[in-house]
Each structure stands twice: as C-alpha cells, then as structure tokens.
Amino acid sequence: MNKAIVVIGGGAGGMMAAICAARKGAHVTLLDPNERLGKKVNITGKGRCNVTNDSTCEELLAHVPQNPRFLYSVFSRFDGHDAIDFFEGLGVPLKVERGKRVFPVSDRSFDITAALERELKRLHVKLVRDRALGISVEDGHVAAVKGEKGDYTASAAILATGGLSYPATGSTGDGYAMAKKLGHTIVPLQPSLVPLETEEDWVKDVQGLSLRNVRATLLADGGKVQEMFGEMMFTHFGVSGPLILSASAHMRHFDKKQYRLEIDLKPALDEQMLDKRLLSDFEKHANSDYCNVLGALLPQKMIDEFIDRSGIPPHEKVHDITRAQRETIRTLLKRWTVNVSAPMPVENAIITSGGVKVGEIDPKTMVSKKIGGLYFAGEIIDVDAYTGGYNLQIAWATGKAAGEAAADALLTQ
C-alpha cells in the first residue's frame, strides 16, 4: 500500500497538516494552485497576521459561536499558548496586543508564511502547483487525488481548501464539492465576519466615520442576542469594523429574522450620569442654538441625522429644551439604532460559515466517518469564530490533529 498523504490546499490548515504529518515521518505531497502558499494568511490582520489568541482551551471555545464543542478535543491539545510556542519555535518572535491578539513582532504576515514554507522544505514535503479536482476512492478508502495536471496516489487525503471568502486567494469552494461527492453533508454556506448592509440611507452621508469605544447590542426580532464593545465604521452601504464583523457571526437567519443594532454612543456614562452631563452642557450654553451644542457630544458628521431623529428644531435655544426633549436626546445617545438588511456577499467576508457537517467528522482526529483515509482541516469544516485570531487558531489546531492522525494511521499499518 502506498504510504503517502496528499494535503489539498496550502493555506493555514493545509500547511500545518503537512508539517505535522511530515514530522511524524510520513511522505507528504502538498497540492496548491497558487504561486505562493498562505495567500489568505498573508492578508489577515491587515497584513500583520493575527496569528492566534493567547488563550486557554476554554477561552478559545467561548469565542466560537458555531459548533464549539466539536473543537474541545483539538483545542485542549493545542491552544493559543501552544500556537505561540510553535511559531516561536520556527523562529518568529511574537507579541500579544489588546484582546490577547497575537502578532509577529515585525508586524509582517509574510514572516509567518515564510517560516511555514521553510519548515515544509526542511521536512522534504513535496510541493506541487496543481488544483485538485477530486478524490478517488476504492473499497471505501482514499486511493488517489485527481489534479488538473495528473493523479497522485495516496493512502490519505487531507481536505484543507478553505471556504468561499476572498476567492482571489484561491478560496473557491472546490473542497465542498469534493466532500459532497464523497457523501458528506454540506451545511449551507453563508458569509461570516462580514460587513453589513443597512436599511437606512443616511449612512452614505457619514461614510468613513469611525466610532471608537462604543457598545452595540444586537437584537433579532426585538430580542437581545449579543452585546459587543469596540470600534465600528459607517460605509456607503452600511456598517463595518471589528465590532460589526463580530456581530455578523450571530446573524445566520436573514430569511427568518429582522436584525437591528442599538449603539450606545456613551457607554462610559449610565443614564443618570449622562443626564447630569447634558444638564451641565446645557447650562453652560443656555443661549446657544441646539444644533451648536451637539458638537461636544457627537462626531460632526452625525449631527444632522441626530437632529432629524430627535425632532427638536435645530435653532431651538438650549434654555427652551424641555425635560422630555432632553430624555429623547439621552435615549438617542444610548440607543442609536441601525436596521440591518443583509450581509455583504460572501466574497467580502473574512470567513465562510457552514461547510462539512461536524457530526460526520471524528473530533479527535478530523477523519471522515464516511470515507477511510479522508481528513478535514480549517474553514471547510462547519465551525467559525469571532475576529481576534480565533479562526486561524481553528486552522492550526484542526490541521495539526488531521496531519498527526493521518500519519499515525499510515505508519501503524
């Protein structure tokens, strides 16, 4: 029997799987059509590569909204601290920033991919620039991988083709079709960690405006789903930024539910403190027009829309503002609403939600429960997490589990 492993896809999960299988002594071929490996890794963290999150297994799982229990076994064996040790062991010094996010000290994502490529070379992993088209199976077991340029006999294949997001990096969804053809269920694919379109047109007038240190509450059909804190930005189509991307991970039913964001523009002040602040500001500027005192409370770009929503005439003198009107101002500052109409298309998403059904994969080894010698790693699996290095951590941990298990299975035969 041919004791070779073919890894399909040279992204985060695929490179990790190839390295871990080769370290165990297996013969590994890595198929990837791109001229450079890890194209998507290179654009993460705005080109700085948020390589992982400095977290324990339990902390990591708390940031995975989709099928976290499936990842318990791989995270308990390879958590954020282990990922840091792994990359520093490859000669890449790392640093921990706000929110326990981990980056290379150099702020260069290419240092991560270059280190992985060096290790692949050191381990004599055979790199072939080819696109996989399918997997041949004999007697219920992987026999070969079919590529555009030829066939590659194998005792095991690791599918690590990524999702549908950022197709320019090679994430074209090929792996889903291959898995489906082999009898796997594909949970419907949709964008996650994606900017959001809004019903309101006024966002066009404030596009480019960033709001820092705001709190957003996500409501679905009026019920609270999640609360997030951070930075967001208005765009010509709606809203974006880290806080919005994390919120989008909870919006999976646009066909059935109405989503709304309530933004607290003054999260450091409770209602009572904010009222005192308003009274103080209004006393200082008692003879000013209402439109002229809002600059101390709001970004300039938001003032016109704020005035419209408040229903208070812009040139009303501040000393004439009633208690009820002040309450309206306070409510708008604490609960500024944005109605979400849709996610942006999956090409604009950081990751794809959905994929190969987790119930059909062994959570310890990432091996298929349907086909012998077939393994999965990374985004192709129906798991996804928030921003902050968690999705790359999923790729590293599942890649490591798949590579080691595939090598162990072959070398004990």
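Are Asp275 and Arg326 buried or exposed? Both are buried, where buried means under 20% relative accessible area, exposed means over 50%, and partly exposed is anything in between (1.4 Å probe, protein chains only). Some notes to go with the structure follow.

1. A bit of housekeeping. This is a predicted model, in which local features need pLDDT of at least 70 and side-chain atom pairs count only at pLDDT 80 or more, while totals for chains, interfaces and linings use all residues. Residues are numbered from 1 along each chain as its sequence is written, and side-chain values use heavy atoms, with hydrogens and water left out.

2. Back to that opening pair. Asp275 and Arg326 form a salt bridge, with the closest N and O atoms 2.9 Å apart; the term means a side-chain nitrogen of Lys or Arg within 4 Å of a carboxyl oxygen of Asp or Glu. Asp275 belongs to helix H9 (residues 271–284) and Arg326 to helix H12, so the bridge ties together parts that are 51 residues apart in sequence. Helices (H or I, at least four residues) and strands (E, at least two) are DSSP runs, numbered from the N terminus.

3. The structure holds 29 salt bridges. Take Lys334 and Asp264, whose closest N and O atoms are 2.9 Å apart. Lys334 sits in helix H12 (residues 323–334) and Asp264 in strand E16 (residues 259–264), 70 residues apart. Lys334 is buried, at 11% relative accessible area, and Asp264 is buried too, at 9%. These two also belong to a salt-bridge network with Arg215, Lys224 and Glu227.

4. Now for the greasy parts. A nonpolar core is a set of buried Ala, Val, Leu, Ile, Met, Phe, Trp, Tyr and Cys residues joined through side-chain atoms within 4.5 Å. The largest one has 86 residues, and Ile5, Phe75, Ile135 and Trp396 have the most contacts inside it. Helix H13 (residues 390–411) gives the most to this core, with twelve residues. A second, separate core has 44 residues, including Leu261, Ile312, Trp336 and Val340. In soluble globular proteins, nonpolar side chains tend to be buried together.

5. Have a look at Trp336 in strand E17 (residues 336–343), which pairs with Phe306 in helix H11 (residues 303–310), 30 residues away. Rings of Phe, Tyr and Trp (its six-membered ring) pair if their centres lie within 6.5 Å, with planes under 30 degrees apart counted as stacked, over 60 as edge-to-face and the rest as tilted. Here the centres are 5.7 Å apart and the planes are at 5 degrees, so Phe306 and Trp336 are stacked. Phe306 is buried at 0% relative accessibility, and Trp336 is buried at 0% as well.

6. Arg309 lies over the face of Trp336, 3.9 Å from the ring centre; a charge sits over a ring if NZ of Lys or CZ of Arg is within 6 Å of the ring centre and within 35 degrees of the ring normal. Arg309 also forms a salt bridge with Glu305, with the closest N and O atoms 3.1 Å apart. Both residues lie in helix H11, four residues apart, about one turn of the helix. Arg309 is partly exposed at 24%, whereas Glu305 counts as buried at 18%.

7. Last stop, helix H7 (residues 174–181). Its buried residues are Gly175, Tyr176, Met178 and Ala179.
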